[in-house]
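Morning, everyone. Please have a look at the screen.

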Amino acid sequence: MMQIENTEIPGWGADLDPARRPAVPMEKTPEGGTGAHWDIPELQPGSVKILKSIEHPRMPPVFGTTVPPRGLSGRIKEFAYTYGEGRLERWLPILLADRIDVVEGIIDDLKAGHIPNILAEMGWKAEWKYNRQGFIRKAMIVSGILAGGYIMLKSRRSRLSV
């Protein structure tokens with residue numbers, strides 16, 4: 001069988017005989033190894049509950065511990081992690097749990113006597129300073145939605161009272 005050679009095609013030569021492939025010297029494993037002192041890295045110790053995917057047999061060597069699952073949002077995340085990573089049943093509950101966690105955080109702040117500055121935490125000051133046009137557009141959209149909702153509620157109440 002005759003091999004056709006065309007050096008004008010991007011990626012040409014990738015499936016040639018290894019003796020004739022241009023990248024073969026770079027594909028070889030370094031003779032001195034990788035330089036790592038381990039075959040499998042030592043696992044990070046876990047001090048809080050860690051949610052692990054059902055698709056992976058063991059924990060990754062490093063994982064986040066700053067926001068452990070807690071409260072209602074934690075229970076929702078635990079439920080979500082019973083599904084595979086490619087399923088909608090996993091990701092929608094995780095999104096919901098993140099929103100619930102925000103509310104739980106605000107409640108925790110109020111319990112501790114701290115009133116959160118929601119406008120500052122949402123970055124409105126920076127938005128006004130660096131993206132004033134976008135800020136105004138967002139404010140107009142929100143105002144329109146709120147006004148529309150108010151008008152709908154008011155017209156609904158007036159129809160119900162007649």
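The largest cavity here has a volume of about 30 Å³. Before I go on, two words on the ground rules. This is a predicted model, so local features need pLDDT of at least 70, side-chain atom pairs count only at pLDDT 80 or more, and totals for chains, interfaces and linings use all residues. Residues are numbered from 1 along each chain as its sequence is written, and side-chain values use heavy atoms, with hydrogens and water left out.

How do we look for gaps? Rolling a probe the size of a water molecule over the atoms shows where empty space is left. We work on a 1 Å grid over the protein atoms alone. A cavity is a set of points where a 1.4 Å probe fits but cannot get out. A pocket is an open set with protein on both sides within 12 Å along at least five of seven lines. Lining residues have an atom within 4 Å of a point. Grid points are joined across faces, edges and corners, and a volume is the space filled by probe spheres set on the points.

Now the chain as a whole. The secondary structure comes to 6 helices and 0 strands. Helices (H or I, at least four residues) and strands (E, at least two) are DSSP runs, numbered from the N terminus. Buried residues make up 14% of the 162 residues. Buried means under 20% relative accessible area, exposed over 50%, partly exposed in between, with a 1.4 Å probe and protein chains only.

Back to the cavity. Which residues line the largest cavity? They are Val-67, Pro-68, Pro-69, Arg-70, Ser-73, Gly-74, Lys-77 and Asp-101. Helix α2, residues 71-80, gives the largest share of that lining, 3 residues. By type, the lining divides into 3 nonpolar, 2 polar and 3 charged. Here Ala, Val, Leu, Ile, Met, Phe, Trp, Tyr, Cys and Pro count as nonpolar, Asp, Glu, Lys and Arg as charged, and the others, Gly among them, as polar.

Pick out Ser-73 from that lining. Ser-73 sits in helix α2. Is Ser-73 buried or exposed? Its relative accessibility is 2%, so Ser-73 counts as buried. Its side chain makes a polar contact with the side chain of Glu-104, at 2.8 Å. Another polar contact, of 3.5 Å, joins the side chains of Ser-73 and Asp-101. A polar contact is a pair of N or O atoms within 3.5 Å; within protein, one must be able to donate a hydrogen and the other to accept it, and residues adjacent in sequence count only if both atoms are side-chain atoms. Leaving aside neighbours within four places in sequence, Ser-73 is in contact (heavy atoms within 4.5 Å) with Ala-97, Ile-100, Asp-101 and Glu-104.

Next, the pockets. The largest pocket holds about 230 Å³ of space. Its lining has 13 residues, and Leu-51, Gly-64, Val-67, Pro-69 and Tyr-81 lie nearest its centre. That lining divides into 8 nonpolar, 2 polar and 3 charged.

The second largest pocket has about 190 Å³. Met-122, Trp-124, Glu-127, Phe-135, Lys-138, Ala-139 and Val-142 line this one. The largest share, 4 residues, comes from α6. Here we have 5 nonpolar, no polar and 2 charged.

Two of those lining residues, Trp-124 and Phe-135, bring us to rings. Rings of Phe, Tyr and Trp (its six-membered ring) pair if their centres lie within 6.5 Å; planes under 30 degrees apart count as stacked, over 60 as edge-to-face and the rest as tilted. That rule gives 3 aromatic pairs. The rings of Trp-124 and Phe-135 have centres 5.9 Å apart and planes at 80°, so the pair is edge-to-face. Trp-124 lies in helix α5 and Phe-135 in helix α6, so the pair ties together parts that are 11 residues apart in sequence. Trp-128 and Phe-135 have ring centres 5.3 Å apart and planes at 80°, so that pair is edge-to-face too. Ring pairs link Trp-124, Trp-128 and Phe-135 into a cluster.
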